[in-house]
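Please open the model in the viewer and keep the selection panel at hand.

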Amino acid sequence: ELASRRVMAEDLIFSSQEETDRIQQVADMLVDARLISSGRDKQERTYYEPSHDALVRAWSRLWEWIKALGEGKLSLLYKLHLAVNDFRSVEDNEKEAKKYLWNEDPRLGVLYADMADGEHSFNAQEETFVKTSMQLRRKNHRNRNLIIAGVIAVLLAISGVAIWQGVVATNSAEDARLAAEL
């Protein structure tokens, strides 16, 4: 199912111009070979899709790639694609866009590790989404740590004042006891 979905040309733009050119060349070759077709949607955006679903089912090399990548990983990449689309739909509203980032999602670590090793297949939009999500995660983590440190400092200060007042009270009581004895 994932292999037969429509891919927009903008999803084939990578942070490396060489990779973008290479992918475009492959897409053109697949179109020329009539394995995939290209067209324009209602918004005049270029897309690519398999020429026929039977091609996807019968394409043994494609199934080898899917098995090598792992269906779980392929599913994660598809979910990333959907999240990027949701994020881009509200990107102009920064406050709203933050809600769509994966800063609290445990899958972000997996994606960031893949991106860090340099051998990833993220397009430019996915790369930006993962980096922005990681930046927000770090900022939130730093803010949490500052709040925790602040609370600990306040509690230590309160404890120190309480201990000091206890010592003063003990000394006052001792002074009062001695004065009473005298």
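A residue is called buried when its relative accessible area is under 20%, exposed when it is over 50%, and partly exposed in between (1.4 Å probe, protein chains only). The model is predicted, so local features need pLDDT of at least 70 and side-chain atom pairs count only at pLDDT 80 or more, whereas totals for chains, interfaces and linings use all residues. Residues are numbered from 1 along each chain as its sequence is written, and side-chain values use heavy atoms, with hydrogens and water left out.

**First stop: the whole chain.** Select the complete chain and colour it by secondary structure. It comprises 7 helices and 3 strands; helices (H or I, at least four residues) and strands (E, at least two) are DSSP runs, numbered from the N terminus. Along the sequence they follow the pattern β-α-β-β-α-α-α-α-α-α. Now turn the model: the C-alpha atoms fill a box of roughly 110 × 35 × 30 Å along the principal axes. The radius of gyration, taken over C-alpha atoms, is 30 Å, while a compact globule of 182 residues would have one near 16 Å. That globule rule is 2.2 Å times the number of residues to the power 0.38. Of the 182 residues, 23% are buried.

Select β1 (7–8), β2 and β3. What is the order of the strands in the sheet? The 3 strands form an open sheet in the order β1-β3-β2, with antiparallel pairing. β1 and β2 are the edge strands, each pairing on one side only. Two strands pair if DSSP finds at least two bridges between them; β1 and β3 are joined by 2 bridges. In general, strands of a sheet pair through backbone hydrogen bonds, either parallel or antiparallel.

Most residues other than glycine have a negative phi. Select Arg34, which lies in the loop between α1 (17–32) and β2 (36–40). Although Arg34 is not a glycine, its phi is positive, about 60°. Is Arg34 buried or exposed? Its relative accessibility is 69%, so Arg34 counts as exposed.

With 55% relative accessibility, Glu44 counts as exposed.
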